[in-house]
Amino acid sequence: MRKQIAAANWKMNLTWAEGKKLLEDILAAGISLTENQLAVFGVPSPYLTLADAVVSGKKNYSIAAQNCYDKKSGAYTGEIAAGMLQSVGIKYCIIGHSERREYFNESNQMLAEKLNRCLESGITPIFCCGEALAIREAGTQNKFVETQLKESLFHLSAEQLKSIVIAYEPIWAIGTGKTASTEQAQEMHACVRSVLAAKYGAAVADEISILYGGSVKANNAKDLFSCPDVDGGLVGGASLVAADFITIIQSLK
Ligand code: PEP
């Protein structure tokens with residue numbers, strides 16, 4: 001049975017004092033997650049080990065990096081290697097967020113390498129895909145996302161694929177307050193799963209958690225997460241408010 005995941009993406013927000021309080025407030029709600037559920041917090045790099053200490057011992061609460069580099073080590077000033085994340089106990093890493101793709105020119109090919117680095121280091125990547133508004137308006141979103149998946153994931157073995165979480169995030173819905181409808185989300189998630197099934201078989205595709213991201217809020221999470229192929233969410237803005245993210249975690253199937 002695939003995992004249901006509430007993933008927070010703090011982006012470049014919050015001081016550590018603010019972040020720590022946010023985590024503590026969320027943990028204070030005492031939500032006990034089932035074997036099948038996970039809450040993961042994508043925090044800024046300087047907070048990774050500090051945040052990990054706050055959630056340590058809380059079953060199925062975990063910390064994610066927001067990015068890592070596509071090389072193992074070397075003269076890449078300012079970059080963070082997947083192996084470094086592993087060495088301080090971090091188990092998840094967001095890869096290919098649309099903001100990284102747009103502002104830092106991350107290509108599907110580069111992201112394929114980042115996935116390799118994560119998997120070599122035992123880090124579960126949360127791989128983001130999704131189309132811009134113009135592509136959605138042209139009606140070519142399925143083909144566009146299929147290409148993202150093929151170019152970044154299809155070199156992986158079935159075993160490796162099973163270690164990946166996918167987040168479908170339509171760019172037109174990120175930070176805009178314009179959420180995809182449950183029909184739009186379900187349709188694309190089913191499409192992603194069928195693309196994976198065509199390459200790896202239905203049984204493998206069925207094991208992959210596919211999160212929806214794009215203006216997930218406390219008041220729409222339950223509807224979105226109830227879609228059969230939506231296995232939780234990757235959440236930006238609403239993950240910065242304890243009460244909202246608590247509700248979002250409680251909305252997991
Ligand atoms: C995100 O940052 O991945 C995101 C989906 O942001 P928001 O929830 O604010 O739209």
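1. Basis. Residues are numbered from 1 along each chain as its sequence is written, and side-chain values use heavy atoms, with hydrogens and water left out. In this predicted model, local features need pLDDT of at least 70 and side-chain atom pairs count only at pLDDT 80 or more, while totals for chains, interfaces and linings use all residues.

2. Helices α7 and α9. Two packed helices are described by the angle between their axes and the distance between the axes. The axes of α7 (residues 141–153) and α9 (residues 182–200) come within 10 Å and cross at roughly 40°. Helices here are DSSP runs (H or I, at least four residues), numbered from the N terminus; axes are lines fitted to C-alpha atoms over the stretch in contact, and angles run from 0 to 180 degrees between N-to-C directions. The angle makes α7 oblique to α9 (under 35 degrees counts as roughly parallel, over 145 as roughly antiparallel, 65 to 115 as roughly perpendicular, the rest as oblique). The crossing is right-handed, meaning that the near helix is turned clockwise from the far one by less than a right angle.

3. The α7–α9 contact. On the α7 side it involves Gln141, Asn142, Val145, Glu146, Leu149 and Leu153; on the α9 side, Glu187, Met188, Cys191, Val192, Val195, Leu196 and Tyr200. Contact means heavy atoms within 4.5 Å. By class there are nine nonpolar, two polar and two charged residues (Ala, Val, Leu, Ile, Met, Phe, Trp, Tyr, Cys and Pro are nonpolar; Asp, Glu, Lys and Arg charged; the others, Gly among them, polar).

4. Helices α5 and α7. Helix α5 (residues 108–120) crosses α7 at roughly 50°, and their axes come within 7 Å. That makes α5 oblique to α7. This crossing is right-handed. Asn108, Gln109, Leu111, Ala112 and Leu115 of α5 touch Thr147, Gln148, Glu151, Ser152 and Leu153 of α7. The contact has four nonpolar, five polar and one charged residues.

5. Helices α1 and α12. Helix α1 (residues 16–28) packs on α12 (residues 242–250) at about 45°, with the axes 9 Å apart. The two are therefore oblique to each other, and their crossing is right-handed. Leu22, Asp25 and Ile26 of α1 meet Ala242, Phe245, Ile246 and Ile249 of α12. Six of these residues are nonpolar, none polar and one charged.

6. The ligand. There are 14 residues around the ligand, of which Lys11, His97, Glu169, Gly175 and Ser215 come nearest; a residue is near if one of its heavy atoms lies within 4 Å. A ligand oxygen atom is 2.7 Å from a side-chain N or O atom of Glu169. Ligand oxygen is also 2.8 Å from a polar backbone atom of Gly236, and 2.8 Å from one of Gly237.

Notes:
A polar contact is a pair of N or O atoms within 3.5 Å; within protein, one must be able to donate a hydrogen and the other to accept it, and residues adjacent in sequence count only if both atoms are side-chain atoms.
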